[in-house]
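Please read the following note with the sequence and the model open beside you.

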Amino acid sequence: MSPAPRRRSVLLATAAVTAAATAPAGAATPVRHRASGPLVIGHRGAAGWRPEHTADAYTYAVRAGADWIEPDLVPTKDHVLVVRHENEIGGTTDVAGRPEFADRRTTRTVDGRAVTGWFTEDFTLRELRTLRTVERLPLVRNRNTVFDGRGRVMTFQEVIDLARRLSGESGRRIAVFPETKHPTYFRSIGLPLEEELIRVIRRNRLTARECVVQSFEPSSLHRIATARLGLPLWQALGTSGSPYGHAVTYRDMMSPAGLREIASYAQWIGPDKSSLVPPHTLLADAHAAGLKVGAYTFRAENQYLPAAYRRSTAPNDFGDAFAEYAFHYGQGVDAVVTDFPDIAVQAREGLRR
């Protein structure tokens, strides 16, 4: 990239960040059309600007122009699907400061890893309703802590209802993009995710334009596929190792043969954005296999950007996020999963200029 476009992208990024950071909650003018180009998926809503998985975060994302919003699904003790990044909620709610739940703190082995804290599967939905949400990364996104305590844990049903309301507000069809989190673990403790997810999808009569289901575990997607819901499936891919409980490695899954296997049950792959940078040929190989590609996770802070796009040595300062979007859009990615959907949308609009 030449110096002039770099300077322009930095100025655009700075303007976007300043406007979003200073705007009062709910003040964004809703985006009422989608530009041609890659889909923009609000990662846990707009996690860069609001505590994740909250109504505020999802609303901000859609008003900024996101096409899909992503809820991570975990179950309660009474088998209701709620949206949290993990089933351990010590870092995303105020549960650690609630003396009535002090005895719920425990250690569990989740996907082979010991985790200590408070877990959704030990709370009924009614109990979770008493908790309030907090920013998961307060040292990185201190600005978001002003919203601590203002939201509550949402159910998947509530996210569907919100997406439909926001679709009406924006005049655009907003899709929900649920991820089954730790499905093997939850099946092992008698709280399987897939059956309940299928019931919710059927009850709401969600169509292929309204819902795309994702998971890192192929077995979870196979269970969804057998229900014949007519919904697109998205195979998420890690950068190393294997999906939990599976012998196949992510590296094997990203080979041409592995991609053809994925194409037998899914329509999308979701790799880490680093897996799409040359000399990797994953994007072209996936398209050759008939798969769409949605990259994760795009963020604006220096510590999450490739070195070439960082603009200071401060890890939490914003870098040239526009340049990173421009690169991936130029490569032909079909979607981006982002904490900052407003910046992603502005970068997409730049494709038409």
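1. Which residues in H11 meet which residues in H12? Ala321, Phe322, Tyr325 and Tyr329 in H11 meet Ile343, Ala344, Gln346, Ala347 and Arg348 in H12, where contact means heavy atoms within 4.5 Å. The residues of this contact divide into 7 nonpolar, 1 polar and 1 charged.

2. Before going further, note that this is a predicted model, in which local features need pLDDT of at least 70 and side-chain atom pairs count only at pLDDT 80 or more, while totals for chains, interfaces and linings use all residues. Residues are numbered from 1 along each chain as its sequence is written, and side-chain values use heavy atoms, with hydrogens and water left out.

3. Helices here are DSSP runs of H or I with at least four residues, and strands are runs of E with at least two, numbered from the N terminus. Helix H11 (residues 321–331) packs with H12 at an angle of about 55 degrees, their axes being 9 Å apart; axes are lines fitted to C-alpha atoms, for helices over the stretch in contact, and angles run from 0 to 180 degrees between N-to-C directions. H11 and H12 are therefore oblique to each other, since angles under 35 degrees count as roughly parallel, over 145 as roughly antiparallel, 65 to 115 as roughly perpendicular and the rest as oblique.

4. Helix H12 (residues 341–349) has 7 of its 9 residues buried, so it is largely enclosed by the rest of the structure. Buried means under 20% relative accessible area, exposed over 50%, and partly exposed in between, with a 1.4 Å probe and protein chains only. Among the buried residues of H12 are Asp342 and Arg348.

5. The axes of helix H6 (residues 193–204) and helix H7 (residues 218–226) come within 10 Å and cross at roughly 40 degrees, and that makes H6 oblique to H7. Glu194, Leu197 and Ile198 of H6 make the contact with Ser220, Arg223 and Ile224 of H7.

6. A nonpolar core is a set of buried Ala, Val, Leu, Ile, Met, Phe, Trp, Tyr and Cys residues joined through side-chain atoms within 4.5 Å. The largest such core has 81 residues, and Ile69 and Tyr325 are among those with the most contacts inside it. Helix H4 (residues 156–170) gives the most to this core, with 6 residues.

7. Finally, Asn87 lies in the loop between strand S4 (81–83) and strand S5 (106–110), and this residue is buried, with a relative accessible area of 2%. Residues touched by Asn87 include Val74, Trp118 and His182.

Conventions
Ala, Val, Leu, Ile, Met, Phe, Trp, Tyr, Cys and Pro count as nonpolar, Asp, Glu, Lys and Arg as charged, and the others, Gly among them, as polar. Lists of a residue's contacts leave out its neighbours within four places in sequence.
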